[in-house]
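Have a look at the sequence and the model first, and then we can walk through some side-chain contacts.

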Amino acid sequence: MNIKTPINQVSLTKYTLIFFLSFLLFSCSNDDSSIPSEETEEIIEPPLIPTASCENGMAGIYPCKDYDLMARMSLSEFNATSGNDSWGWTDPSTGKEYVLMGLGNGTAFIDISNPTKPIYLGKLVSQTPPALHRDIKVYQNHAFVVSESEGHGLQIFDLTRLRNVAKAPATFQADATYNEFNHAHNIVINESSGFAYVVGSDTFAGGPHIINIQNPLNPTFAGGYALDGYSHDAQVVTYNGPDTDYIGKEIYIGSNENEVAIVDITDKSNPKNISTITYENVGYTHQGWLTEDQKFFLVGDELDELKFGNNTKTIILDFTDLDNPKSHTNYTGSLPIIDHNGYVKDNLFYQANYTGGMRVLDISDIDNKNISQVGFFDSYPLTNSNDFNGAWNVYPFFESGNIVLSDIDNGLFIVKKKE
């Protein structure tokens, strides 16, 4: 690799410091003595509740609407003190569903084929010392893991090893590694093309570092793009949306701190910017996801609640014309909770909202700007404030309807729409 451009250290360091200080401050406080707690090192965890139906607005101690608690696993069960990202894998041979949950000190693998009795199979240990940020994606039965810890690079793990774990929980090592970057905030995979996009690394100004993973255990460098600067998160699709100029192209959509960048990344050696767009009251353009028709892009801004005092807000951008994206509308919730990662499945938008847990929005009439909250599950019942505790990620893509909620403080939750 010949091109290496330094990451935007000022903005990344500032953001990480805000997150870390808020995380420490609130993790050490507990002003609600009415909720019993169990202390696990620095983390205060609610008592374990194996299952709980959502009745009269509560599933045990957890506020809810239309989503039942199937199971919860605490951080202490994973021998960890913080949680972060999560993803899922369905074994194509057995149909079993597995959760891949990021922890401060590694990646946990949990069999949830019986969602009320999850089985912790083991942990892929971190390449480096613990870090708050870890991210996981899946391609061809392999997990790809990055971390912001110095020297971590990319870990690759063959998930078929989970079919026969002799003694759980096991301690796993990576099957392969890729070390052409030092550390990274996130990884994105376009499963239809077999390319991974590492973002927020120490290469290409934090823009996409592109890796060919078509042979998962033999990843090779494919290119990079630095012209739009640091990407905190991204989505990459083989485009099949309303703009006929780009049908079949591989399109990268980066959430780049203060704007959204749309890039034609079909030619990995020569990516080309299509357009960029920003919006009013930018705090920190954090993450976004396309509607299934690829017409709209739903953006979460992680710091606008703190900077501008608004309730949680989702910005909806109209991507009908990729060369000329436009603002469409905003959805503003009823609470000052901070939005984090969000994903679209069918006509629903599932969003992790830190202290507000998982929030579910109906976007079936998004064309007419009609968006409404239709359900939620609050994994962090202590408060609904604009703090960086609680739900980090939600994974809604299992065919069974099981939904994974990974919580920084309270571990793993498996929830499901009430029947």
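Phe 397 counts as partly exposed, because its relative accessibility is 27%. That is a handy place to start in this predicted model. Tyr 343, in contrast, has 3% relative accessibility and therefore counts as buried.

**Aromatic pairs**
- The structure holds 21 aromatic pairs.
- One of them joins Tyr 343 and Phe 397 edge-to-face, with 5.9 Å centre to centre and 70 degrees between the planes.
- This pair links distant parts of the chain, 54 residues apart: Tyr 343 sits in strand β27 (residues 342-345), and Phe 397 in the loop between β31 (391-395) and β32 (402-407).
- Tyr 354 and Phe 388 also pair edge-to-face, because their ring centres are 5.3 Å apart and their planes stand at 85 degrees.
- Tyr 354 is in the loop between β28 (348-352) and β29 (358-365) and Phe 388 in the loop between β30 (370-377) and β31, so the pair ties together parts 34 residues apart in sequence.
- Tyr 354 and Phe 388 are both buried.

**Cluster and charges over rings**
- One aromatic cluster is formed by Trp 87, Trp 289, Tyr 343, Tyr 395, Phe 397 and Phe 398.
- Lys 137 lies over the face of Trp 87, 4.8 Å from the ring centre.
- Lys 268 lies over the face of Phe 195, at 4.4 Å from the ring centre.

**Disulfide**
- A search of the whole structure turns up one disulfide; Cys 54 and Cys 64 form it, with their sulfur atoms 2.1 Å apart.
- The disulfide is right-handed, because the torsion about the S-S bond is about 105 degrees.
- Both Cys 54 and Cys 64 are buried.

Notes:
Residues are numbered from 1 along each chain as its sequence is written. This is a predicted model: local features need pLDDT of at least 70, side-chain atom pairs count only at pLDDT 80 or more; totals for chains, interfaces and linings use all residues. Side-chain values use heavy atoms; hydrogens and water are left out. A disulfide is a pair of cysteine sulfur atoms within 2.5 Å. Buried means under 20% relative accessible area, exposed over 50%, partly exposed in between (1.4 Å probe, protein chains only). Rings of Phe, Tyr and Trp (its six-membered ring) pair if their centres lie within 6.5 Å; planes under 30 degrees apart count as stacked, over 60 as edge-to-face and the rest as tilted. Helices (H or I, at least four residues) and strands (E, at least two) are DSSP runs, numbered from the N terminus. A charge sits over a ring if NZ of Lys or CZ of Arg is within 6 Å of the ring centre and within 35 degrees of the ring normal.
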